[in-house]
Amino acid sequence: MLFAALLHAGWNAIVKRGGDTLLTTILVTGSAALLSALALPWLPLPAPASWPWLAASTLLQAGYYVLVARAYRAADMSLSYPLMRGCAPPLVALAGSLAFDEQLTAGAWLGIAVVSAGVVGMAGGVARRHLRLPLSIAVLIATYTLVDARGARLSGNAASYTLWLFLLSGLPLPLWALATRRAQLCRYLHDNWGRGLVGGAGTTASYGIALWAMTQGPVAVIAALRETSILFALLISAWVLKERVGRARLCAAALIVAGVVVLRLG
């Protein structure tokens with residue numbers, strides 16, 4: 001899961017660093033769809049009971065990619081990423097306890113409180129207009145996490161479910177770009193195809209590991225552990241993207257990570 005967290009932060013950094021965040025996202029999703037299509041012939045179909053969940057998640061994931069591109073165009077990764085990822089585990093824990101009848105311990109609830117405190121600290125001093133989009137994405141993340149956890153458990157094969165998800169959710173954006181921005185997309189693809197391929201492999205592997213883990217353990221625990229990617233994202237923001245990461249934001253991010261650890265252990 002720690003490796004999955006690193007991969008997740010990495011592909012988000014690729015999107016942020018791209019000259020056009022939307023076109024970079026399209027290259028990442030298109031590459032993920034292509035890689036999935038190449039691998040699917042070797043895997044069985046997911047069980048029919050998981051197909052409605054797969055269809056719902058396809059729509060949610062497509063919307064998620066568009067909103068992530070918009071968030072990184074509007075604000076630094078060191079702000080957007082911790083907010084949208086840090087808010088998701090408490091939401092998953094709260095909803096998952098009902099959806100999956102997973103009883104949370106006192107330690108888990110403490111973890112939720114610590115994560116929430118870190119999120120509030122991360123948002124301190126930030127204009128409200130920069131908060132709406134990351135927080136909306138957090139709700140979307142929590143929703144598709146619960147949908148996919150159910151779908152993966154019903155599928156009988158988490159790898160097959162994951163690849164079908166990335167094939168289906170990865171097609172709408174590239175097809176839209178081909179219809180509306182063909183020339184621009186082709187030029188961007190020529191210069192950035194490697195970035196898209198690495199990002200596509202990273203997002204597929206990261207989420208595939210997470211979904212497999214959700215078939216083996218409590219959804220809230222796995223979702224929380226995955227958000228250790230916040231720490232990786234901050235390191236990438238500071239060292240690779242050269243964003244200014246102040247002490248207050250570092251402390252708030254550390255609090256979020258501490259809450260995730262408490263939630264994991266709880």
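Reader: How many aromatic pairs does a search of the whole structure find?

Author: The model is a predicted one, and the search for aromatic pairs covers the whole of the structure. The number of aromatic pairs that this search finds is five.

Reader: What kind of pair do the rings of Tyr64 and Tyr144 make?

Author: The centres of the two rings, those of Tyr64 and Tyr144, lie 5.3 Å apart, and their planes stand at 70°. Planes over 60 degrees apart count as edge-to-face. The pair of Tyr64 and Tyr144 is therefore edge-to-face.

Reader: How many residues apart in sequence are the parts that this pair ties together?

Author: Tyr64 belongs to helix α3, which covers residues 51–74, while Tyr144 belongs to helix α7, which covers residues 132–155. Because the two residues sit in these two helices, the pair ties together parts whose separation in sequence is 80 residues.

Reader: Does Tyr64 count as buried or exposed, and what about Tyr144, buried or exposed?

Author: A residue counts as buried when its relative accessible area is under 20%. Tyr64 has a relative accessibility of 1%, and Tyr144 has one of 2%. Therefore Tyr64 counts as buried, and Tyr144 likewise counts as buried.

Reader: What kind of pair do the rings of Phe166 and Tyr207 make, and which helices hold these residues?

Author: The ring centres of Phe166 and Tyr207 are 6.2 Å apart and the planes are at 80°, so this pair is edge-to-face. Both Phe166 and Tyr207 are buried. The pair links distant parts of the chain, 41 residues apart, with Phe166 in helix α8 (residues 158–170) and Tyr207 in helix α10.

Reader: How far apart in space are Tyr64 and Ile141, C-alpha to C-alpha?

Author: In sequence Tyr64 and Ile141 are 77 residues apart, whereas in space their C-alpha to C-alpha distance is 7.6 Å.

Reader: Which element gives the largest share of the lining of the largest pocket?

Author: The largest pocket, with a volume of about 360 Å³, is lined by 16 residues. The elements that give two or more residues to this lining are α2 (21–39), α9 (172–180) and α10 (182–214). The largest share, six residues, comes from α2.

Methods. Residues are numbered from 1 along each chain as its sequence is written. This is a predicted model: local features need pLDDT of at least 70, side-chain atom pairs count only at pLDDT 80 or more; totals for chains, interfaces and linings use all residues. Side-chain values use heavy atoms; hydrogens and water are left out. On a 1 Å grid over the protein atoms alone, a cavity is a set of points where a 1.4 Å probe fits but cannot get out, and a pocket is an open set with protein on both sides within 12 Å along at least five of seven lines; lining residues have an atom within 4 Å of a point. Grid points are joined across faces, edges and corners, and a volume is the space filled by probe spheres set on the points. Helices (H or I, at least four residues) and strands (E, at least two) are DSSP runs, numbered from the N terminus. Rings of Phe, Tyr and Trp (its six-membered ring) pair if their centres lie within 6.5 Å; planes under 30 degrees apart count as stacked, over 60 as edge-to-face and the rest as tilted. Buried means under 20% relative accessible area, exposed over 50%, partly exposed in between (1.4 Å probe, protein chains only).
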